[in-house]
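Colleague: Please pick one part of this protein and take a close look at it for me. Then place that part within the whole chain, in plain words.

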Amino acid sequence: MKFGESTIQLLSEALVYARAFRCETVGTEFILLAMTREEYQTSQILENEGVTQDNVAEVISKVCNASMVDLTDDEVALCTFENSLQNARIDTKRVLAEADLLAKRFNGDGVIQPAHILAVLAAKKSFSAGKI
């Protein structure tokens with residue numbers, strides 16, 4: 001799999017969110033939460049559908065029965081792209097594999113972008129992020 005720079009950053013941020021909710025694994029819900037950040041084109045698509053950072057965080061909080069906490073700089077520093085892949089749940093790995101197929105089918109370079117991941121999440125409502 002080849003990941004674009006924005007996807008590498010997205011997955012690192014998803015791990016930050018997972019850790020902020022005191023979860024050890026990166027689920028698709030944390031990727032969705034990261035996608036709501038303004039620097040991603042996906043945020044506007046999600047906002048148009050009524051999906052905001054606040055309501056995604058609220059749902060995660062209810063489901064996980066945990067509040068988001070602030071991480072120390074050292075904790076954030078450990079939230080690397082490599083660690084996000086190592087700590088990805090099986091549903092997240094499946095989403096990334098399907099995003100890889102989309103990237104190869106529709107991009108000449110086959111590089112996974114956040115929009116590929118969002119397309120898979122939107123199509124797969126059985127994944128945890130698809131339930132938000």
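Modeller: I will take His-116, which is buried, at a relative accessibility of 11%. The cut-off for buried is under 20% relative accessible area, so 11% places His-116 among the buried residues. Bear in mind that this is a predicted model.

Leaving aside residues up to four places away in sequence, His-116 is in contact with Ala-99, Leu-102, Ala-103, Asn-107 and Val-111.

Helix α7 covers residues 90–106, and the contacts of His-116 include Ala-99, Leu-102 and Ala-103. Helix α7 has 17 residues, and at 1.5 Å a residue it should span 24 Å.

Which residues of α7 are buried? They are Asp-91, Thr-92, Val-95, Leu-96, Ala-99, Asp-100 and Ala-103.

Is Glu-5 buried or exposed? The cut-off for exposed is over 50%, and Glu-5 has a relative accessible area of 65%, so it is exposed. Glu-5 and Ile-112 are 107 residues apart in sequence, yet their C-alpha atoms are 9.2 Å apart in space.

Now for the whole chain. The protein has eight helices and two strands, in the order β-α-α-α-α-α-α-α-β-α along the sequence. Its radius of gyration is 14 Å, close to the 14 Å that the globule rule gives for 132 residues, so the protein is as compact as a globular protein of that length. The box filled by its C-alpha atoms is roughly 40 × 30 × 25 Å along the principal axes.

Of the 132 residues, 43% count as buried, and His-116 is one of the buried residues. Among contacts between residues at least 6 apart in sequence, 66% join residues at least 24 apart. The accessible surface comes to about 7300 Å², and 51% of it belongs to carbon and sulfur atoms.

Notes: Residues are numbered from 1 along each chain as its sequence is written. This is a predicted model: local features need pLDDT of at least 70, side-chain atom pairs count only at pLDDT 80 or more; totals for chains, interfaces and linings use all residues. Side-chain values use heavy atoms; hydrogens and water are left out. Helices (H or I, at least four residues) and strands (E, at least two) are DSSP runs, numbered from the N terminus. The radius of gyration is taken over C-alpha atoms; the globule rule is 2.2 Å times the number of residues to the power 0.38. Buried means under 20% relative accessible area, exposed over 50%, partly exposed in between (1.4 Å probe, protein chains only). Contact means heavy atoms within 4.5 Å. Accessible areas come from the Shrake-Rupley method with a 1.4 Å probe; for residues, only the protein chains shown count as cover. The expected span of a helix is 1.5 Å times one less than its number of residues.
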